[in-house]
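Hi everyone, thanks for making time for this.

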Amino acid sequence: MSDLLFATNNIHKLREIQEILGNNFKILSLKDVNLDVEIPETQETIEGNAAQKARFIRETTGMNCFADDTGLEINALDGRPGVYSARYAGEGCSFDDNIDKILMELSGIENRKACFRCSICLIMDGSEYLFEGRVDGIITKERQGSDGFGYDPVFLPDGYRQTFAEMPAYLKNGISHRGKAVLKMVRFLKKQ
Ligand code: IMP
């Protein structure tokens, strides 16, 4: 099993990605390699942020690694929160603050179409690869469910009756933005 460093300490994401990758690779978090650093994330696109984070980690550790970045894009809000999804309600805000903000901005609006987009930048033996995934859906009017993280309680993927926060992990992973991007990365890694 090869080690692959994932530029995150987000326990939800680590679990999700290890589940999808199976036993082919052992995913290490920043904590696993005792790296306690502020990773720069200052680009204006999710692709740019994923690459910036992966390059920083590669330069700091020299390890094969990958980084992801996700944005929730809401049609009626001209694509916001997009690249600012993590801190939409302000620096240091919680997942709940972000949900409250989008629900408020969407109040009275019928067009609730949205998508999650995820970019993963993998740096393997010095070369860079980009993998992308997207899932379309709508923003519900109220929170439904308590699993998952982030905007999961208000994201209802097209064709389903459960929000991401009501679904079992395997179902979310099978259709989610990150699940699709990771699957592309896994297919690539298995060919190496
Ligand atoms: P990140 O770039 O992957 O950290 O994602 C930025 C923000 O998007 C996170 O802080 C979450 O609020 C949100 N987000 C990312 N992935 C998901 C997901 O799978 N479900 C719900 N929200 C997510």
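Let me begin with one term: a pocket here is an open set of grid points with protein on both sides within 12 Å along at least five of seven lines. A molecule sits in a pocket if more than half of its atoms lie within 2 Å of the grid points of that pocket. With that in hand, please keep in mind that what you see is a predicted model.

So, where is the ligand? The ligand sits in the largest pocket.

Let's look at what surrounds the ligand. There are 15 residues around the ligand, and those that come nearest are Lys-13, Asp-69, Asp-152, Lys-172 and Arg-178. If you sort the shell by class, you find 5 nonpolar, 4 polar and 6 charged residues.

Which elements of the fold supply this shell? Strand 3, residues 65-74, and helix 5, residues 177-191, each supply at least two residues of the shell. Strand 3 gives the most, with 3 residues.

Now zoom in on individual atoms. A polar side-chain atom of Lys-13 lies 2.6 Å from an oxygen atom of the ligand. On Asp-152, a polar side-chain atom is 2.5 Å from a nitrogen atom of the ligand. With Tyr-151, a polar backbone atom takes part, 3.1 Å from a nitrogen atom of the ligand. How much of the ligand does the protein bury? Taken alone the ligand exposes 470 Å², and the protein buries 92% of that.

Let's stay with Lys-13 for a moment and move to a partner within the protein. The side chain of Lys-13 makes a polar contact with the side chain of Asp-68, at 3.1 Å. Asp-68 lies in strand 3, the strand that gives the most to the shell around the ligand. Is Asp-68 buried or exposed? Asp-68 counts as buried because its relative accessibility is 1%, and the cut-off for buried is under 20%.

Phe-66 is in strand 3 as well. Phe-66 has a relative accessible area of 0%, so this residue is buried.

Next, a few backbone details. As background, most residues other than glycine have a negative phi, and most peptide bonds are trans. Which residues have a positive phi here? One of them is Asn-34, with a phi of about 55 degrees although it is not a glycine. Asn-34 lies in the loop between strand 2, residues 25-28, and helix 2, residues 46-61. Asn-34 counts as exposed because its relative accessibility is 70%, and exposed means over 50%.

Asp-78 is another: its phi is positive, about 55 degrees, and it is not a glycine either. You'll find Asp-78 in the loop between strand 3 and strand 4. With a relative accessible area of 71%, Asp-78 is exposed.

A cis peptide bond joins Arg-80 and Pro-81, with omega about 0 degrees. Pro-81 has its place in strand 4, residues 81-82.

Let's go back toward the start of the chain. Thr-8 is in the loop between strand 1, residues 2-6, and helix 1, residues 11-21. A polar atom of the Thr-8 side chain lies 2.9 Å from the backbone nitrogen of Asn-10. Thr-8 counts as buried because its relative accessibility is 8%.

Arg-58 is in helix 2, and its relative accessible area of 24% makes Arg-58 partly exposed. How far apart are Arg-58 and Ser-107 in space? They are 43 Å apart, C-alpha to C-alpha, and 49 residues apart in sequence.

The other is Arg-117, found in strand 5, residues 113-124. Arg-117 counts as partly exposed, at 21% relative accessibility.

If you take one picture away, let it be the ligand sitting in the largest pocket, with Lys-13 and Asp-152 among the residues that come nearest.

Note on methods: Residues are numbered from 1 along each chain as its sequence is written. This is a predicted model: local features need pLDDT of at least 70, side-chain atom pairs count only at pLDDT 80 or more; totals for chains, interfaces and linings use all residues. Side-chain values use heavy atoms; hydrogens and water are left out. A residue is near a molecule or strand if one of its heavy atoms lies within 4 Å of it. A polar contact is a pair of N or O atoms within 3.5 Å; within protein, one must be able to donate a hydrogen and the other to accept it, and residues adjacent in sequence count only if both atoms are side-chain atoms. Accessible areas come from the Shrake-Rupley method with a 1.4 Å probe; for residues, only the protein chains shown count as cover. On a 1 Å grid over the protein atoms alone, a cavity is a set of points where a 1.4 Å probe fits but cannot get out, and a pocket is an open set with protein on both sides within 12 Å along at least five of seven lines; lining residues have an atom within 4 Å of a point. Helices (H or I, at least four residues) and strands (E, at least two) are DSSP runs, numbered from the N terminus. Ala, Val, Leu, Ile, Met, Phe, Trp, Tyr, Cys and Pro count as nonpolar, Asp, Glu, Lys and Arg as charged, and the others, Gly among them, as polar. Buried means under 20% relative accessible area, exposed over 50%, partly exposed in between (1.4 Å probe, protein chains only).
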